[in-house]
Amino acid sequence: MLLVLLLASALAIVRARNLFAVVVLSGIYSFIMATQLTVLDAVDVAMTEASVGAGISTVLLLGTLYLTGSEEAAPGHRPVLPLLVAIATAGMLIYGTLGIPVFGDPSGPIHQHVAPRYLQEAVEATGIPNVVTAVLASYRGYDTLGETTVIFTAGIGVILLLGMGRRARYGAQGQGGGMQEYLVLRVIAKLLIPFALLFALYVQFHGDFGPGGGFQAGVILAAGVIFYTIIFGLANAQRLVPPRLVEILVALGVAIYALVGDIGLLLGGNYLDYFVLDRDPVHGQHRGVFWVEAGVCITVAGVMLAIFFAFAGRRRRPDAKS
Amino acid sequence: MSILLDALGWAFLVAGGAFCIVGAVGMLRMPDLFTRMHAASVIDTLGAGLILLGLLLQAPSWQVGAKLALIMVLLLFTSPAATHALAKAAVARGVRPELEESGEQPSKS
Amino acid sequence: MFAAATLALLAALTLVLVRALAGPTVFDRVLAGNSIGTVAVLLLSVIGFLGGRPDFLDLAIVYALLNVIATIAILKFFEFGSLGDPEEPEDRDEHPA
């Protein structure tokens, strides 16, 4: 049922010409997708999809719309060839899925090799009840280091291309430049922003026991600061979180992650070996996962903020009006 | 006693679901943006309140109950703010409510 | 009974989605998006209880937060035309709704 709704919103996104509508519909798509993922029992993924797709992506797409104008240009030709290619690819993929075992079939290969070992051993070996976090941060910690580096690279790319809006033009005299005169929103912001920041910390540390972890916590943290920027203006936000600090944060997270690996090397184990980090292996796992998740959170929050500041600080070019 | 709590919980859940449908139908059938906002607020207050109350009565532990209460408070604070901002933005963009053609001023516009 | 509530919420979700697809102005769509977020929060809470996993409530809190942030971001964009600074007043007429 939810898949039908997904299909409907995806079709609407393709057909809509007004890009504001597309942005709202993309947010709706992300919400429905996250619900679908929850139904499939993948809660960590659902939380990440909800926070990134429905919150941050909407805000960043809006920032792009400001710079590019909001009507989609009419296509110059009928896209018959791309349509045929897309249909052919979809056909091949669907044909491929016919050979996949039924969803949840216990004798399928995905449940046979590494997965039972992870599921059975994870809790005693690492001491972390949430298997997803254990796999992400410990069994597959090297991959997660790669992912964090990818996010870091994306952040660097945006900073290099767009700059970070150090020129805060309006509101430097304390006018704020945001929606400060809207009393209702200001009060709500004062209530919500501390809650969002606290909740980000909760998600970060609770990730060992329930859904959550570094990535989601970083996104919620960034969302809190972005909310502050929206209500109180870019100048105030940059006084609070200066661009220099954001740059440092972007790099700091990856550095922490890599350092944990190095410390493992120095203490006599392999790279990213958590067993040697403390007096007994399980405590070592706890320490390793804690620092690694902290690194992920810091980098993700920094990159999201960097991208947002880069977009928000741009002045619309006179020739970019739609 | 627990039977009573159970029954009450179910009743609230079903009622909340019904009010959500009512609000959704309202959003479809109302003629104007501002009237649709009224219908949407039904979902946010009665629908959400009743459903969360029903779940609260079924909660297995007090932490779960506290989280449910937190969600309710969050929704209670944020949906009026969002619709307020929406109405302000709509008026700023020139969207006007459809009024009777009788020409008399509405009491508060 | 959870199933009944879930079905009711799914039905409400579908109806609001129709409004989101059909709404003549963008504000209708934003309103529908906000309501879909709220219904999704409720759906998540109910599904969490159905499956016996109250951990999903964290997810519901995340949704509720981000729903509000996204809606207010969209509306700030409409009123001011930018996410960081307000712009010159004469630029405002150029923004289509």
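Tutor: Happy to! Please keep in mind that this is a predicted model. The model scores ipTM 0.80 and pTM 0.82.

Student: Let's take helices α1(B) and α1(C): what makes them roughly parallel?

Tutor: The axes of α1(B) and α1(C), the latter covering residues 2–22 of chain C, cross at roughly 10° and come within 8 Å. Angles under 35 degrees count as roughly parallel, and α1(B) and α1(C) are therefore given that label.

Student: Which residues in α1(B) and α1(C) meet?

Tutor: On the α1(B) side they include B:Leu13, B:Val14, B:Gly16, B:Gly17 and B:Ala18, and on the α1(C) side they include C:Ala4, C:Ala5, C:Ala8 and C:Leu9. By class, this contact has 18 nonpolar, 3 polar and 1 charged residues.

Student: How do you know how α2(B) and α2(C) are oriented?

Tutor: α2(B) packs against α2(C), residues 26–50 of chain C, at an angle of about 10°, with the axes 10 Å apart. The cut-off for roughly parallel is under 35 degrees, so α2(B) is roughly parallel to α2(C). Among the residues making this contact are B:Leu33, B:Arg36, B:Met37 and B:Asp44 from α2(B), along with C:Phe27, C:Asp28, C:Leu31 and C:Phe49 from α2(C). The class count for this contact is 14 nonpolar, 3 polar and 3 charged residues.

Student: And chains B and C as a whole: how many residues are in contact?

Tutor: On chain B there are 42 residues in contact with 38 residues of chain C. Helices α1 (2–29), α2 (33–57) and α3 (62–92) of chain B each supply at least two residues of that side of chain B. The largest share, 15 residues, comes from α3(B). Sorted by class, the side of chain B that touches chain C has 32 nonpolar, 6 polar and 4 charged residues.

Student: What is the secondary structure of chain C?

Tutor: Chain C has 3 helices and 0 strands, and along the sequence its pattern reads α-α-α. Of its 97 residues, 70% count as buried.

Student: Why is C:Leu59 called buried?

Tutor: C:Leu59 has 31 C-beta neighbours inside 10 Å. The threshold is 20 or more, so C:Leu59 counts as buried. This residue lies in helix α3 of chain C, residues 56–80.

Student: What is C:Leu59 in contact with, leaving aside its neighbours within four places in sequence?

Tutor: Its partners are A:Thr38, A:Val43, A:Ala46, A:Met47, A:Ala50, A:Pro211 and C:Leu44. C:Leu59 and C:Leu44 are 15 residues apart in sequence, with their C-alpha atoms 7.6 Å apart.

Student: Over in chain A, is A:Val303 buried or exposed?

Tutor: A:Val303 has 28 other C-beta atoms within 10 Å. A:Val303 sits in helix α12 of chain A, residues 281–312. Not counting residues up to four places away in sequence, A:Val303 touches A:Ile151, A:Phe152, A:Ala154, A:Gly155 and A:Val250. The C-alpha atoms of A:Val303 and A:Gly157 are 10 Å apart, although 146 residues separate the two along the chain.

Student: Where are the domains of chain A?

Tutor: The domain assignment gives domain 1 (1–73) and domain 2 (116–322). Between them, 18 residues of domain 1 are in contact with 21 residues of domain 2. The domain 1 side divides into 8 nonpolar, 8 polar and 2 charged residues.

Student: Where in chains B and C is the pLDDT below 50?

Tutor: In chain B it is below 50 over residues 103–109, a stretch with 1 contact beyond near neighbours in sequence. In chain C, pLDDT stays under 50 over residues 86–97, for which the model has 18 contacts beyond four places in sequence. Where pLDDT is low, the predicted coordinates should not be read in detail. As for the averages, the mean pLDDT is 81 for chain B and 76 for chain C.

Methods
Residues are numbered from 1 along each chain as its sequence is written. Chains are lettered from A and ligands numbered from 1 in the order in which they are written. This is a predicted model: local features need pLDDT of at least 70, side-chain atom pairs count only at pLDDT 80 or more; totals for chains, interfaces and linings use all residues. Two residues are in contact if their C-beta atoms, placed from the backbone, lie within 7 Å. Helices (H or I, at least four residues) and strands (E, at least two) are DSSP runs, numbered from the N terminus. Ala, Val, Leu, Ile, Met, Phe, Trp, Tyr, Cys and Pro count as nonpolar, Asp, Glu, Lys and Arg as charged, and the others, Gly among them, as polar. Axes are lines fitted to C-alpha atoms, for helices over the stretch in contact, and angles run from 0 to 180 degrees between N-to-C directions. Angles under 35 degrees count as roughly parallel, over 145 as roughly antiparallel, 65 to 115 as roughly perpendicular and the rest as oblique. Domain bounds come from an automatic or database domain assignment. pLDDT is the predictor's confidence in each residue, from 0 to 100. A residue is buried if 20 or more other C-beta atoms lie within 10 Å of its own, exposed if 12 or fewer, and partly exposed in between; C-beta atoms are placed from the backbone.
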